[in-house]
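Open the structure in your viewer and keep the selection tool at hand. This short tour goes from stop to stop.

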Amino acid sequence: MRNQALAATIAIMTLSFAGACRGGGDPQSQGGAAPQVIAIDGSSTVFPIGEAVAEEFQHATPGARVTVGTSGTGGGFQKFCRGETDMSNASRPIKPAEADTCRAAGIEFIEIPLAYDGLSVVVHPNNTWVTSMTAAELKKLWQPEAQRKVMRWSQVRQGWPDREIRLYGPGTDSGTFDYFTEAINGKSQASRGDFTASEDDNVLVQGVSGDENALGYFGFAYYEENKNRLKLVPIDDENPDNGAGPIAPSEETVRNGTYSPLSRPMFMYVNTAKLSRPEIKAFVDFLLAEGAPLIRDVGYVPLSDAEQQLVRARWTAGTTGSMYTGAAHGASLESLLKGSQ
């Protein structure tokens, strides 16, 4: 049944896309000319989703071309607000200052939640002493005051070896960095600076997997893709309301929020002015119709059925702006989606 539904969806989108390119939409797409490239940039964490959807969309839609970059969430928003990209992937909601920059440039956007991610704390497989960590220990290790002071494993927990600890994490343009620092240190961008940083999560995977004294963090999909090279560290937020003891990220714990405080939604932002181009609308329609299995395939957690319906309603209504502007801290995604209808 799913294959039949997929075939029908692709057929409808292909016909609509081709017809619109011949007779309507952007002038550069008319007269039988090839459609313009769909330009997406932003979060490297969201990149696997964008890449998977782009590949399937291009396969299903003759003539379509999609590029997906990894400038980081912050870098992606800079390009998006300059009008250089059609869509921006983000591993956090757009910041008020970024939204103001877009607004000043005359760019309106539709905010589309895509999936959930559980930030994964990882060590080398040969690390025998770390079986779990608390959120407080992560803060002791990553807070700004730890720079050049907390340098050895024995300083994090009594009984751990007196060995140098080497840290790997996302760069400051990364939404993952923003989220982790806010969730663990209490303030976005508040972090020690003496660690190996990269906007490319693959570089972090390589660093941790090649260093027995390393610890790093990045999106769950990159752990899943490299689980034979990494050891996952369950986290205990010491909040009995979220379950007892250390909890590892999984589809269940990320979606139900018990993997706290490191589970979060991820997003795509669409420039509304670009919707005059039929390929842009066709791409988002395809994403919302067929994205869930692709999201699961690349290691992230799809939204619930109820959340997916609310996202489709938001897209159909063309609701612009961010649901997070003025939202209460800790509000659930479903409650925010309902409030934006």
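A cavity here is a set of grid points where a 1.4 Å probe fits but cannot get out. Keep in mind that the model is predicted.

**Stop one: the cavity.** How many cavities of 30 Å³ or more are there? The count comes to 1. The volume of the largest cavity is about 130 Å³. Select Leu114, Leu287, Leu288, Ile295 and Gln308: of the 13 lining residues, these are the closest to its centre. Now colour β4 (109-118), α10 (278-297) and α11 (305-317), the elements that each give two or more residues to this lining. α10 gives the most, with 5 residues. By class, the lining of the largest cavity has 10 nonpolar, 2 polar and 1 charged.

**Stop two: the helix pair.** Stay with α10 and α11. Their axes lie 11 Å apart, and the helices pack at an angle of about 170 degrees. Angles over 145 degrees count as roughly antiparallel, so α10 and α11 are roughly antiparallel to each other. Show the side chains where they meet. From α10, select Lys281, Val284, Asp285, Leu288 and Ala292; from α11, select Gln308, Val311, Arg312 and Trp315. This contact has 5 nonpolar, 1 polar and 3 charged residues.

**Stop three: a loop residue.** Move to the loop between α3 (73-81) and β3 (87-90), and select Thr85. Is Thr85 buried or exposed? Its relative accessibility is 5%, so Thr85 counts as buried; the cut-off for buried is under 20%. Next, show what Thr85 touches beyond its neighbours within four places in sequence: Ala39, Asp41, Lys79, Phe80, Asn271 and Lys274.

Terms used: Residues numbered from 1 in each chain as written. Predicted model: local features only at pLDDT ≥ 70, side-chain atom pairs only at ≥ 80, totals over all residues. Heavy atoms only, no water. 1 Å grid on protein atoms, 1.4 Å probe; cavity = no way out; pocket = protein on both sides within 12 Å on 5 of 7 lines; lining within 4 Å. Points joined across faces, edges and corners; volume = space filled by probe spheres on them. Helix = DSSP H or I, 4+ residues; strand = E, 2+ residues; numbered from the N terminus. Nonpolar A, V, L, I, M, F, W, Y, C, P; charged D, E, K, R; others polar. Buried < 20%, exposed > 50% of the residue type's maximum accessible area, 1.4 Å probe, protein only. Contact = heavy atoms within 4.5 Å. Axes fitted to C-alpha atoms, helices over the stretch in contact; angles between N-to-C directions. Parallel < 35°, antiparallel > 145°, perpendicular 65-115°, else oblique.
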